[in-house]
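Hi everyone, thanks for making time this morning. I'd like to walk you through one model, so let me put it up on the screen.

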Amino acid sequence: MVMGKVVVQKHSRRDAFKRSLESLTRKEVYVGIPAEASSRPGDGSINNAELLYIHTHGVRRKAMRDEMDAMMNMGMKYSQAHTLYIREHGSPMMSIPPRPVLQPAIEDRKPEISMVLADAGRAALLNDVAVYEANLNKAGMVAASAAQGWFENPQNDWPPNSPRTIRRKGSDQPLVDTGEMRKAITYIVRDKP
């Protein structure tokens with residue numbers, strides 16, 4: 001007959017698993033242009049984050065923006081003001097066509113980013129904080145690199161520059177002038193607020 005002593009540690013694995021799951025939801029990865037890195041050389045009238053937003057969504061004529069601003073200042077919601085303007089004036093000509101960067105670039109690299117995030121999840125479940133955070137950083141690097149590369153990626157399918165813009169810039173490549181906006185795109189990993 002063999003005798004032994006058994007020690008039962010009730011819930012220890014469950015508690016560790018719960019802590020690991022909680023660590024998965026504590027951090028977020030953001031890709032874009034942080035406020036502290038958004039300034040541009042020159043007169044300071046527009047920063048890189050604002051410029052990226054404009055090129056993602058396009059710009060409407062000043063008259064439309066002014067009219068919609070007045071309607072919204074009176075309490076009308078954006079979509080109502082936009083609808084009213086279009087009903088009154090037709091569909092406005094875009095002076096700058098949309099040229100999205102972040103979302104399509106990240107979507108293009110989604111399989112690779114997903115694999116890195118899955119590795120981060122496995123590390124969190126194993127309570128390996130160093131590997132978890134390293135993989136979150138790697139996912140951020142892959143996404144930021146994809147966004148920076150999207151400016152010259154033929155898949156971006158951006159409309160060409162207008163003849164006026166080509167004359168002014170001396171280039172027919174959309175969104176590539178000084179390269180400052182592209183270089184400003186980065187990532188951060190931080191705890192959720």
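Let's start at Asn127, which is partly exposed, because its relative accessible area of 45% falls between the 20% and 50% cut-offs. Before I go on, please keep in mind that this is a predicted model. Asn127 sits in the loop between helix H6 (110–125) and H7.

You'll find Asp157 in the loop between H7 and H8. Asp157 counts as exposed because its relative accessible area is 69%, and the cut-off is over 50%.

Now let me step back to the chain as a whole. It has 9 helices and 4 strands. Reading from the N terminus, the order is α-β-α-β-α-α-β-α-α-α-α-α-β. How many of the residues are buried? Of the 193 in the chain, 27% count as buried. The accessible surface comes to about 13,200 Å², and carbon and sulfur atoms account for 55% of that. If you take the contacts between residues at least 6 apart in sequence, 67% of them join residues at least 24 apart.

Back to H6 for a moment. The buried residues of H6 are Ile113, Val116, Ala120, Gly121, Ala123 and Ala124. Looking down the axis of H6, these buried residues fall within an arc of 160°, so they line one face of the helix. On the face turned away from that buried side, you can see the exposed residues Pro111 and Met115.

Next comes H7, where the same check works. For its 22 residues we expect 32 Å at 1.5 Å a residue, and the end C-alpha atoms are 31 Å apart, which agrees. The buried residues of H7 include Tyr132, Asn135, Leu136 and Trp150, along with several alanines, among them Ala143, Ala144 and Ala147.

My last stop is Asn161, in the loop between helix H7 (129–150) and helix H8 (163–169). Is Asn161 buried or exposed? Its relative accessibility is 8%, so Asn161 counts as buried, the cut-off being under 20%. What does its side chain reach? A polar atom of the Asn161 side chain lies 3.4 Å from the backbone oxygen of Ser171, and the side chain also reaches the backbone oxygen of Gln173 at 3.4 Å. Pro174 is 13 residues along the chain from Asn161, with their C-alpha atoms separated by 5.6 Å. Beyond four places in sequence, Asn161 also has contacts that include Arg99, Ile166 and Lys169.

That's my tour, so over to you for questions!

Definitions and conventions: Residues are numbered from 1 along each chain as its sequence is written. This is a predicted model: local features need pLDDT of at least 70, side-chain atom pairs count only at pLDDT 80 or more; totals for chains, interfaces and linings use all residues. Side-chain values use heavy atoms; hydrogens and water are left out. Helices (H or I, at least four residues) and strands (E, at least two) are DSSP runs, numbered from the N terminus. Buried means under 20% relative accessible area, exposed over 50%, partly exposed in between (1.4 Å probe, protein chains only). Contact means heavy atoms within 4.5 Å. A polar contact is a pair of N or O atoms within 3.5 Å; within protein, one must be able to donate a hydrogen and the other to accept it, and residues adjacent in sequence count only if both atoms are side-chain atoms. Accessible areas come from the Shrake-Rupley method with a 1.4 Å probe; for residues, only the protein chains shown count as cover. The expected span of a helix is 1.5 Å times one less than its number of residues. The arc is that of the directions from the helix axis to the C-beta atoms.
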